Amino acid sequence: MAIWQIIVLAFAFLAVFMTVATLILQLRAPDALTRVNLIGPLVCIAFPALILAKLTADWATEGFVAGDFIRAVIAILGVWIVGSVGSFIMGRSIHGVTVVDPWAAMQRREHQASQHRQDRAEGTQPQL
């Protein structure tokens, strides 16, 4: 396995890791606003890592091509700009409307109730 293949594999692994991490965090997020904010690792790290993997593979097989480099830079900057503006707009639209996942709300209430029972059993004051 050549060095460039290891570099491409590392970029692809990073992208897959960030995608899976974002997926798991999305499923565990309690509300829609948190889910919008969790798109960051996917947009800011995973997508550029895939572009860099493709660029590395192209450079290793075809040599340096200025057009490919410029397209990669524009694509990465574009996804960062569009992702941040889109996240801001989605966050602003969701901020006024609180949508809570029923399962997450139930888990939070159960945790608070068990914590309150535990505090009373120990004779300590509940933490607010």
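**Questions on a predicted model**

Mentor: Proline 30 is placed in the loop between helix 1 and helix 2 (32-37). The model is predicted.

Trainee: Is proline 30 buried, partly exposed or exposed?

Mentor: The relative accessibility of proline 30 is 26%. Buried means under 20% and exposed means over 50%, with partly exposed in between. Proline 30 therefore counts as partly exposed.

Trainee: How far apart in space are proline 30 and alanine 12?

Mentor: Along the sequence, proline 30 and alanine 12 are 18 residues apart. From C-alpha to C-alpha, their separation in space is 29 Å.

Trainee: What distance separates the C-alpha atoms of glutamine 5 and glutamate 122?

Mentor: Glutamine 5 belongs to helix 1 (residues 3-28), and its relative accessibility of 31% makes it partly exposed. Glutamate 122 is 117 residues from glutamine 5 along the chain. The C-alpha atoms of glutamine 5 and glutamate 122 are separated by 58 Å.

Trainee: Is aspartate 68 buried or exposed?

Mentor: Aspartate 68 lies in helix 4. Its relative accessibility is 15%, and the limit for a buried residue is under 20%. Aspartate 68 therefore counts as buried.

Trainee: Why is the pair of phenylalanine 64 and phenylalanine 69 called tilted?

Mentor: The structure holds three aromatic pairs. In the pair of phenylalanine 64 and phenylalanine 69, the ring centres are 6.1 Å apart and the planes stand at 45°. Planes under 30 degrees apart count as stacked and those over 60 as edge-to-face, so with its angle of 45° this pair is tilted.

Trainee: Which residues do ring pairs link into a cluster?

Mentor: Phenylalanine 64 is exposed at 59% relative accessibility, whereas phenylalanine 69 is partly exposed at 37%. Ring pairs link both of these residues with a tryptophan, and the cluster consists of Trp59, Phe64 and Phe69.

Trainee: Which helix gives the largest share of the nonpolar patch?

Mentor: The nonpolar patch on the surface has about 1,200 Å² of accessible area together, and its members include Trp59, Phe64, Phe69 and Leu77. Leucine 77 is found in helix 4 and is partly exposed, with a relative accessible area of 43%. The largest share of the patch, 10 residues, comes from helix 4 (residues 66-95).

Definitions and conventions:
Residues are numbered from 1 along each chain as its sequence is written. This is a predicted model: local features need pLDDT of at least 70, side-chain atom pairs count only at pLDDT 80 or more; totals for chains, interfaces and linings use all residues. Side-chain values use heavy atoms; hydrogens and water are left out. Rings of Phe, Tyr and Trp (its six-membered ring) pair if their centres lie within 6.5 Å; planes under 30 degrees apart count as stacked, over 60 as edge-to-face and the rest as tilted. Buried means under 20% relative accessible area, exposed over 50%, partly exposed in between (1.4 Å probe, protein chains only). Patches are made of residues with over 30% relative accessible area and no salt bridge: like charges are joined within 9 Å, nonpolar side chains (Val, Leu, Ile, Met, Phe, Trp, Tyr) within 5 Å. Accessible areas come from the Shrake-Rupley method with a 1.4 Å probe; for residues, only the protein chains shown count as cover. A salt bridge is a side-chain nitrogen of Lys or Arg within 4 Å of a carboxyl oxygen of Asp or Glu. Helices (H or I, at least four residues) and strands (E, at least two) are DSSP runs, numbered from the N terminus.
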